Amino acid sequence: MPRVCPVCGCRLEENEIAMCTACLIKLPVCHERGPEIFDLRSAVSNAGSPCGLARAWFHYDPSSPYAELIRTAKYRDMPSLAFELGRLFALDLKREPIQSTEAGLMHISDIDVLMPMPMHRFKRIKRGYNQAEEIARGMSEALSIPVADNLVAVKPHRTQTRLSYRRRTANLLGTMEVRDAHELRGMNIALVDDIITTGSSMTEAVVSLSWAMPHINSVSFLALGLTRKKN
């Protein structure tokens, strides 16, 4: 089968991987920065460490053709697409200037470890891979920053897609824990996911990190997609 662009459906050239060049040029890049671009008020207020970078690669609209990038990487057995999207996102981050954050002046090169949002083993067996982990691995290749597996999902939860913020938060309560927390002491950690919608998953991750290792230097939030959807 020929390789096709997930956005427009045209056949990809040999040197085109994630999407065709025309769609990459027209990607609705997100230029906003800081935790306020996501609904991360709860995550930041519950963090035991200052907020570092908070960045998204592009604006995610479920009705846009670009939403197919996430859907294909997530649901259509395309971990290689998630990897390549993460790599391209990281290359854009490398070109950005140093930013002022709650943790002080930071650049993506200041991150010590990339931490993908975890997926429970039952869901991983069903899907075959964790798309957030593949995104982090792609970023790792571009940035030479290791990917950590300290954050794990210890309890399955129902899908978050149609839940309100309050129900999402309750749905995720107690689903994550941190293992070998001492390895993270004094580090600048970046949580990595495909999309941040309400910030409930990131909040649970931050709470788990704060309880397990309060002496983390900073926590950053990185996602491929930014959605302004409010429930």
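This is a predicted model: local features need pLDDT of at least 70, side-chain atom pairs count only at pLDDT 80 or more; totals for chains, interfaces and linings use all residues.

Student: What makes up the secondary structure of the protein chain?

Tutor: The protein chain has eight helices and eight strands; these are DSSP runs numbered from the N terminus, helices being H or I of at least four residues and strands E of at least two.

Student: Why are α3 and α4 called oblique?

Tutor: The axes of α3 (residues 67-75) and α4 (residues 79-94) cross at roughly 130° and come within 7 Å. Axes are lines fitted to C-alpha atoms, for helices over the stretch in contact, and angles run from 0 to 180 degrees between N-to-C directions. Angles under 35 degrees count as roughly parallel, over 145 as roughly antiparallel, 65 to 115 as roughly perpendicular and the rest as oblique. The pair α3 and α4 is therefore oblique.

Student: Which residues of α3 and α4 make the contact?

Tutor: With contact meaning heavy atoms within 4.5 Å, Leu 69, Thr 72 and Ala 73 of α3 meet Leu 81, Ala 82 and Leu 85 of α4.

Student: Why is the term oblique applied to α4 and α6?

Tutor: The axes of α4 and α6 (residues 131-143) come within 7 Å and cross at roughly 45°. By the angle classes already given, α4 and α6 are therefore oblique to each other.

Student: How do you know whether Ser 49 is buried or exposed?

Tutor: Buried means under 20% relative accessible area, exposed over 50%, and partly exposed in between, with a 1.4 Å probe and protein chains only. Ser 49 has a relative accessible area of 11% and so is buried. Ser 49 is placed in the loop between α2 (41-46) and β1 (51-59). A polar atom of the Ser 49 side chain lies 2.5 Å from the backbone oxygen of Ile 216.

Student: What makes Thr 227 count as buried?

Tutor: Its relative accessibility is 8%, so Thr 227 counts as buried. Thr 227 is in the segment after β8 (218-226). Not counting residues up to four places away in sequence, Thr 227 touches Tyr 60, Ile 195, Ile 196 and Thr 197.

Student: How much of the protein chain is buried?

Tutor: Buried residues make up 53% of its 231 residues.

Conventions
Residues are numbered from 1 along each chain as its sequence is written. Side-chain values use heavy atoms; hydrogens and water are left out. A polar contact is a pair of N or O atoms within 3.5 Å; within protein, one must be able to donate a hydrogen and the other to accept it, and residues adjacent in sequence count only if both atoms are side-chain atoms.
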